[in-house]
Amino acid sequence: MDIFSNLAMGFSVSLLPINLLLCFVGVVLGVLIGVLPGLGSAATIALLLPITYFLDTITAVIMLAGIWYGSMYGGSVTSILLSVPGESASVMVALDGYQLTKRGRAGAALGMSIFSAFIAGMIGLIGLGLVAPTLAEFALEFGPPEYFALTLLGLTLVSYLATDSMWKAVTVTIFGLLLGTVGLDPVRSTARFTLGSLSLQSGIDLVPMVMGLFGIAEVFNLVESKLTGEVRPISVPKGLLNVLPTRQDWKDAWRAILQGSFTGFFVGLLPGGGATISSYVAYAVAKRFRKPGQQFGEGAIAGVAAPEAAANAATCSGFVPLLTLGLPDNVVMALILGAFMLHGVTPGPTLMAQHPQIFWAIVTSMFIGNCILLITMLPLIGLLSKITLIPNRILLPIIVLACLAGAYGVNNNPTDIVVMTLFGLLGYLMTKFRFPHAPLVLAFVLGPIMETALRQSLIMSNGDFLVFWGSPVSGTIMTAFLVVIGIPIARKLLSIGGRGGDKVGDSKIKKSLIA
């Protein structure tokens, strides 16, 4: 069957009334879940998983997929309006989105966010439908050496996320790597840096960490602005035209949308990649290749478009290894795999041959779901922006309660509230002294993956570091890493040598004139 016949078969299934209804329910529920910080799509899908037993396999997966990509946009709403990420993948959106809100451009930021999500979703679906088998085979080749090389190269991008100076970014990155070592040793399962606490044996959870760094820290900043007499600028968009991005916004963001879409798709394809890491990498790439005059971190519209596009493209590419290889690349995909297994269907290489209607129904339902997301959410942007009209005396308790509920609700552990508060203080101090937040989170996420891959690689090779050049993939990535760090060092040395040579030449001229 050709591609058009497969798409027709998929639409014939996904457009059934029950599938269409639950696709709509999944998308709306996902947006609402994303708006609520801390709850998350994974927890919601886990709660709804038993209900899917009473649904058809395709219907159940369509609803769960709707929750997944709907939550990606929902998490960006509070990131932009309140600097409180509803999802960990929305952390990077908060950097520029909240700055735009403080400038009175919340509507434009939300509008660009949803358009970026829609465009990236379409690009991701094209990749999912056309090149899924080839890309899945490529991802299957990744072993520990490739993972270490990839994460090492990813950490070098941290330098592009720095706000003031390179040394601040490096300092924060090292601190993030150290935080990632808290918990049980991944190889020997011995406790490290737990201070005798059983709660820390599982490591520091990402949700309370992000809640503190961005949510509680923002509360401290708002309290300080109230004490110093500073007023939070508020401008709520009225009408649909006022929330649409301007022509200049599209000129500034179109490149970031495409970069974020392709970056998110390919990074999200890899097991362990996911929407969170994809958004970090896409932000770094967009900042590295930004247009002159764009100030990332200070309200650049491209800084909203790139991570939002990457996160939504990654939600599509995450289905590639699941549906073609039976390998989930994140927690949500593992839960959706559980839904398949609950109905006696095993995703893998034979899925498209034995159950082609399932694969193509999922692809077409995600297309329909993205259209539902655009049509339903675009008119509501003005209503969502009214959150910024809430006075600080009301808003601050709401943010604190949302963060408390989110931090505690992940593991039902009071220790997470303490962790969130400590990171709130840390985030406030980092803001005061202009240390970047993003490298800390990126290093914290990549650190455990990097450590495990490094130790597994050295065990495989009996301590031989040449194992990282033992395969074409890891060798290419490691060579790219050396080039990335080598070029700035070479430029620095050449500039120092040039200045030294100028000084020597000047002294010789002076001596000749004196003689």
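Begin by selecting helix 12 (residues 274-288) and helix 13 (residues 301-317): their axes come within 8 Å and cross at roughly 145°. Axes here are lines fitted to C-alpha atoms over the stretch in contact, with angles from 0 to 180 degrees between N-to-C directions. Helices are DSSP runs (H or I, at least four residues), numbered from the N terminus.

Show the side chains where the two helices meet. From helix 12, the contact (heavy atoms within 4.5 Å) uses Gly274, Ala275, Ser278, Ser279, Ala282, Tyr283 and Ala286. Helix 13 brings in Gly303, Ala306, Pro307, Ala310, Ala311 and Ala314. Colour these residues by type and you get 9 nonpolar, 4 polar and no charged. In this scheme Ala, Val, Leu, Ile, Met, Phe, Trp, Tyr, Cys and Pro count as nonpolar, Asp, Glu, Lys and Arg as charged, and the others, Gly among them, as polar.

A quick note before moving on: this is a predicted model, where local features need pLDDT of at least 70 and side-chain atom pairs count only at pLDDT 80 or more, while totals for chains, interfaces and linings use all residues. Residues are numbered from 1 along each chain as its sequence is written, and side-chain values use heavy atoms, leaving out hydrogens and water.

Stay in helix 13 and click on Thr315. Thr315 is buried, with a relative accessible area of 0%; buried means under 20% (1.4 Å probe, protein chains only). Leaving aside neighbours within four places in sequence, Thr315 is in contact with Trp68, Tyr69, Met72 and Met366.

Now select Phe319. Not counting residues up to four places away in sequence, Phe319 touches Ala65, Trp68, Leu128, Met333, Ile336, Ile362 and Met366. Which residues touch the most other members of the largest nonpolar core? Phe319 and Ile336 do, out of 136 residues. A nonpolar core is a set of buried Ala, Val, Leu, Ile, Met, Phe, Trp, Tyr and Cys residues joined through side-chain atoms within 4.5 Å. Highlight helix 4 (residues 57-82) too, as the largest share of this core, 15 residues, comes from there.

Next stop: helix 5. Of its 12 residues, 9 are buried, including Met92, Asp96 and Tyr98.

Finish at Lys168 in helix 9 (residues 166-179). Is Lys168 buried or exposed (over 50%)? Lys168 is buried, with a relative accessible area of 13%.
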